Amino acid sequence: MDFTDFDTAIDKLPRRRVGFYPTPFHALPNLSAAYGINLFMKREDLAGPSAISGSKMRLAEFILGRAVEDGVTHVITQGAYLTNSGLQFAAACLSARITPILVLTRNVTQHGELGEFRGNYLLNRTMGVETHVINVTGNTWDAAEQAARIADTIANRKAELEAQGHKVLVVGAGGAHPDGFIAHALTFREMLQQSHAAGVDLDFAYHTIGTGTALPGMLAAKLSLGHPVKFRSISVLRYNDGDWMNPGVIVERTKAVLGTLGAPVPHDATIRAEIDIDQRFIGEDYAVASPESSAAIRELARAEGVFVGPAYTGKGLAGLLDHARSGRIPAGSNVAFLHTGDIGNLFEIPQVVGHITA
Ligand SMILES: *Cc1c(COP(=O)(O)O)cnc(C)c1O
């Protein structure tokens, strides 16, 4: 399909404008020279409406677009206590005059008691957001008992609000809701236009993958617009078949976005062949600093004066730089890194931030 059909399909969807789009796209000349590649950055971290933003704002615009039409009064979403997604959904909800409610998990062993307000949690409190914190142990992403406790908290609060006559929308962790997956088709569409304006054709697009909300839209845009770019995803959690998040989930979401675009839907195997997830940069666990990530945060800051964060984008950039060093990115390639945000987490506890000034 061409750009006009693509835009027409997306313009038909309900959308509540909150962020500032298109987000910037720019060269990283000093890192490019150091690695012998042409490296660019797409700045979803600058999506707005405030300086600490990220990739979930686009999802929120589409999800809240329909929510406003449907008369939703409250949005309940969940995530880790330092969630970027929760912060952005809260901001978007407030601007749309919808009440946001966050159900947050905290791994006390890793992150200590919630004694101080820091990072994204501080910002949520500043916005006056109702938060429910659930203490969890171990890996919060797939433990059934913990998932049940979170689900109960959400269901109880929803029932309470509905009994008072309110209309409640529940949005999954990371902003995973069917209305949102189309959002990042626009991200790749912007990147194509912006890279052409910069006189390059992208060979690779790198990003950090977690709850799988950005990749399906970007893949659908690539497939429907017929561009040869290769997506490479660096994960912050396990992504094998049988895990909570896995390539099969990405395939299903990509098919759904292609359907919404009115684009041909290829065989599952064709979509699956586009998915390339490197799990070597997770480190010890989700939201635990890794030495590779701390080094990448430092390296970017010292070369370009740009910051990435410790829970997601530092790990993603560490993966990209490793691929550049090892030759998995051939010299001279045109490469984009999707900066998905995570800046609030630079102001978190040392276990999350790591030793970035060392
Ligand atoms: C959510 C998030 C990711 C992961 O993106 P998914 O679309 O959930 O896979 C990466 N970086 C940041 C900063 C995020 O908040």
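In this predicted model, helices α3 and α4 pack at an angle of about 45°, and their axes lie 9 Å apart. Helix α4 also approaches α6, the axes of the two coming within 9 Å and crossing at roughly 20°.

- Two packed helices are described by the angle between their axes and the distance between the axes.
- The crossing in which α3 passes α4 is right-handed.
- On the α3 side the contact involves Lys56, Met57, Leu59, Ala60, Ile63 and Leu64, which meet Ser85, Gln88, Phe89, Ala91, Ala92 and Cys93 of α4.
- Sorted by type, the residues of this contact of α3 with α4 comprise nine nonpolar, two polar and one charged.

**Packing of α4 with α6**

- Helix α4 spans residues 84-95 and helix α6 spans residues 119-126; with angles under 35 degrees counting as roughly parallel, α4 and α6 are therefore roughly parallel to each other.
- Helix α4 passes α6 in a left-handed crossing, whereas the crossing of α3 past α4 is right-handed.
- From α4, the residues that make the contact are Asn84, Gly86, Leu87 and Ala90, and from α6 they are Asn120, Leu123 and Asn124.
- The residues of this contact of α4 with α6 divide into three nonpolar and four polar, with no charged residue among them.

- Within helix α1, which covers residues 3-11, Phe6, Ala9 and Ile10 are buried.
- When α1 is viewed down its axis, these buried residues fall within an arc of 95°, so they line one face of the helix.
- An α-helix has 3.6 residues a turn, so residues three or four places apart point the same way.
- Thr4 and Asp11, on the other side of α1, are exposed.
- The partners against which the buried residues of α1 pack are α3 (56-69), α8 (183-197), α9 (215-225) and α10 (247-261).
- Helix α9, one of those partners, is itself mostly covered, since ten of its eleven residues are buried.
- The buried residues of α9 are Leu215, Pro216, Gly217, Met218, Leu219, Ala220, Ala221, Lys222, Ser224 and Leu225.
- After α9 comes Gly226, which has a positive phi, near 70°.

- Ile234 is found in strand β8, residues 230-235, and is buried, its relative accessible area being 0%.
- Apart from neighbours within four places in sequence, Ile234 is in contact with Tyr206, His207, Thr208, Ile209, Asp278, Phe281, Lys315, Gly316, Gly319, Leu320 and His323.
- Ser293, which has its place in helix α12 (residues 291-304), is buried with a relative accessible area of 2%.
- Setting aside residues up to four places away in sequence, Ser293 touches Gly309, Pro310, Gly314, Lys315 and Ala318; Lys315 is also among the contacts of Ile234.

**Cis peptide bonds**

- Tyr21 and Pro22 are joined by a cis peptide bond with omega about 0°, and Pro22 lies in the loop between α1 and β1 (25-27).
- Gly48 and Pro49 are likewise joined by a cis peptide bond, here with omega about 5°, and Pro49 lies in the loop between β2 (38-43) and α3.

**Positive phi at residues other than glycine**

- Arg97 is not a glycine, yet it has a positive phi of about 60°; this residue lies in the loop between α4 and β4 (99-107).
- Arg97 is exposed, with a relative accessible area of 78%.
- Asp342, also not a glycine, has a positive phi of about 95° and lies in the loop between β10 (334-339) and α14 (350-353).
- Asp342 is buried, with a relative accessible area of 2%, whereas Arg97 is exposed.

How values were computed:
Residues numbered from 1 in each chain as written. Predicted model: local features only at pLDDT ≥ 70, side-chain atom pairs only at ≥ 80, totals over all residues. Heavy atoms only, no water. Buried < 20%, exposed > 50% of the residue type's maximum accessible area, 1.4 Å probe, protein only. Helix = DSSP H or I, 4+ residues; strand = E, 2+ residues; numbered from the N terminus. Arc of directions from axis to C-beta. Contact = heavy atoms within 4.5 Å. Axes fitted to C-alpha atoms, helices over the stretch in contact; angles between N-to-C directions. Parallel < 35°, antiparallel > 145°, perpendicular 65-115°, else oblique. Left-handed = near helix turned anticlockwise from the far one by under 90°. Nonpolar A, V, L, I, M, F, W, Y, C, P; charged D, E, K, R; others polar.
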